[in-house]
Amino acid sequence: MSRIPYPQAINPAEPVVHGQGSLQAANAQSASEYDRIVANPKFQQLVHERTRFGWILTAVILVVYFGFIGLIAFDKALLATKVGGGTASLGLFLGVGVILIAFALTGIYVARANSRFDVLSADLKRSLGQ
Amino acid sequence: MIRSSSLAVLGTVLAFLAATSAFAAGPDLGAVQQSATNWPAIGMFLFFVLFTLGITYKAAMGTKSAADFYAAGGGISAGTNSLAIAGDYMSAASFLGISGLVYTSGFDGLIYSTGFLVGWPIVLFLIAERLRNLGKFTFADVASFRLDQTSIRIISATGTLVVVAFYLIAQMVGAGKLIQLLFGLPYLYAVIIVGVLMIVYVAFGGMKATTWVQVIKACLLLGGATFMAAAVLYKYGFNPEALFASAVATHPKGDAIMAPGGLVSNPIEAISLGVGLMFGTAGLPHILMRFFTVSDAQAARKSVFYATGLIGYFYILTFIIGFGGIALLMSDPSYFKLGPAGAFDKLKDMIGGTNMVAVNLANAVGGPYFLGFISAVAFATILAVVAGLTLAGASAVSHDLYASVIARGRTNEASEVRLSKIAAVVIGIVAIYLGYVFENQNVAFMVGLAFSVAASCNFPVLAMSILWRGTTTWGALIGGLVGLIAAVVMVVLSKAVWVSTFGNPTAIFPYDNPALFSMPLAFLTIYAVSKMDRSRRAQRERALFDEQFVRSETGIGAAGAHAH
């Protein structure tokens, strides 16, 4: 199957797997089309901002979770500390905290994507004449 | 499945072995006594089955194209998809296993809940939107976007089938034992019922039926768990502090249940488990398939956000249910096997084992009909999860192996879908057979192994092919293979298999969870082999990255929502 030139949408009903043509050189027109998009400053800005944001949030969740596991492994006494003179321990609050932070981070990503990345993306598509 | 004897021994390895079994749907219940036939539970389960079969019939009527069969026509909304994702993830293991773990060890149960949840942000930040933009039906579509179809689909399909096989065995054996306990049905009947129903859902209704079965089950499970947690909190005036105080006063370990116990005393084991849970989530084929059922990248990312909320909420509920079990069941002898003079061990002697905490608590807070409801929900949960797994396995066989490798694209949609249905039937029969064969085997390590393989084969191949320009076919193929073999070999040489199953005196591989070692090994191999690959094909593949990059980042040219 020949590679479907951008920007025509690929028909998902098509029986042939779409990457089948990947070993054939992409036809000249579509190749230059993609080069044009990659070189577009709007595309570069979108990719740069989103990739950076994604990796920062990834780092945050890794630090939060493995920090929690690290505390459990190395400082059990700290986690056993009572909070506010009650029965609940610091560890319990931190554990629930990890769950809430995970949820909050996905929320932050979605909010940022809705307010910023979608705008950049729409902007890019406009400038490409779509 | 969580053997209280091994939890009593606070040696890390044993505790981890027990804890690993928290993944699996009750496979290690040991010699289960068949209980009296539970008619309210059977009645409610029959209602669930009839209702879902009705949905399957309707879905089968609307399933015409391959896109309908594999991806529900791409027409699932973000909200529905998030419920289906949560349904795939909230197995009977998390519900019964984690509440049982909280019951025996308190705080330590929370370690598992957090581990299971933190994979979702990673899925969102790194792969969900790109997956939707690049993919069609299976994650192999994405990984092979610019790489060689034959090689990449073989490694992806192998990774998929290995994950599905281990996961399915654990679920089937767990299902058989659980149903024996809950419904009073013989083990073999239970396994056959599960197998036949999952074949019907998948072969007739495809992704549409599987999705809706999952959604209904997720709603039932969330509703039932919410009611139980609320009923527990109600008894303590909605004051968690009062619940904790009562639990600490009742539990034999006393105040120690509020602090970390023996579960994590070896940091390397703990981190390896965490790596497996976190990145395994991002490589589970039946979960990844769900991103192709929504219309676009926006819907994909919203579904992860909602699903993370639902799953996190569910884990908090299981924690409350576990504590409710301590506070409300431990002092009531009617939930225990009584020894001479009415004595019983609060941790070891619960009727049906500690996995039955949630079920017994249902009886305590809602009476026999609510007990029947929760039993039916537990059965429905297993059924929905195995249906999702079967669909993922059948898609790998038909869409990846048959259409792209064997027929090399020279096939048509109708015969591909027909083959997928046949594959679903075969997988179902094999699953029934394996469930029967493994009845008295220790299968507790198998879900852990499934996560490890997903993290060490599927995830590296997928992530590297999407994110790194330099990835070549040779790199992905050899790296994926190395990760797969490393994960399986390390588990075979670990205590769970080498000592417990084969009866050798000591384990050769010292940890129960291989992901910390096998996953980086896979990434490194992909990197190194790709770097060394100087073939002309490799150069073409690197050159094609821009095209893939544009589509993965913007969705330009992505497969649309409708197949018409």
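**Conventions.** I number residues from 1 along each chain as its sequence is written, with chains lettered from A and ligands numbered from 1 in the order in which they are written. The model is predicted, so I took local features only at pLDDT of at least 70 and side-chain atom pairs only at pLDDT 80 or more, while totals use all residues, and side-chain values use heavy atoms, without hydrogens and water.

**Whole chain.** I looked up the secondary structure and found 23 helices and zero strands in chain B (DSSP runs: H or I of at least four residues for helices, E of at least two for strands). Chain B is as compact as a globular protein of its length, because its radius of gyration is 23 Å, close to the 24 Å that the globule rule gives for 564 residues (C-alpha atoms; 2.2 Å times the number of residues to the power 0.38). Along the principal axes, I noted a C-alpha box of roughly 80 × 50 × 45 Å. Buried residues make up 68% of the 564 (under 20% relative accessible area, 1.4 Å probe, protein chains only).

**B:Asn458.** I then turned to one residue. B:Asn458 lies in helix α18, residues 445–467. It counts as buried, at 1% relative accessibility. A polar atom of the B:Asn458 side chain lies 2.9 Å from the backbone oxygen of B:Gly283. I listed the residues that B:Asn458 touches, leaving out those up to four places away in sequence; among them are B:Phe139, B:Thr160, B:Gly283 and B:Pro285 (heavy atoms within 4.5 Å).

How values were computed. Buried < 20%, exposed > 50% of the residue type's maximum accessible area, 1.4 Å probe, protein only. Polar contact = N/O pair within 3.5 Å; in protein donor to acceptor, adjacent residues only side chain to side chain.
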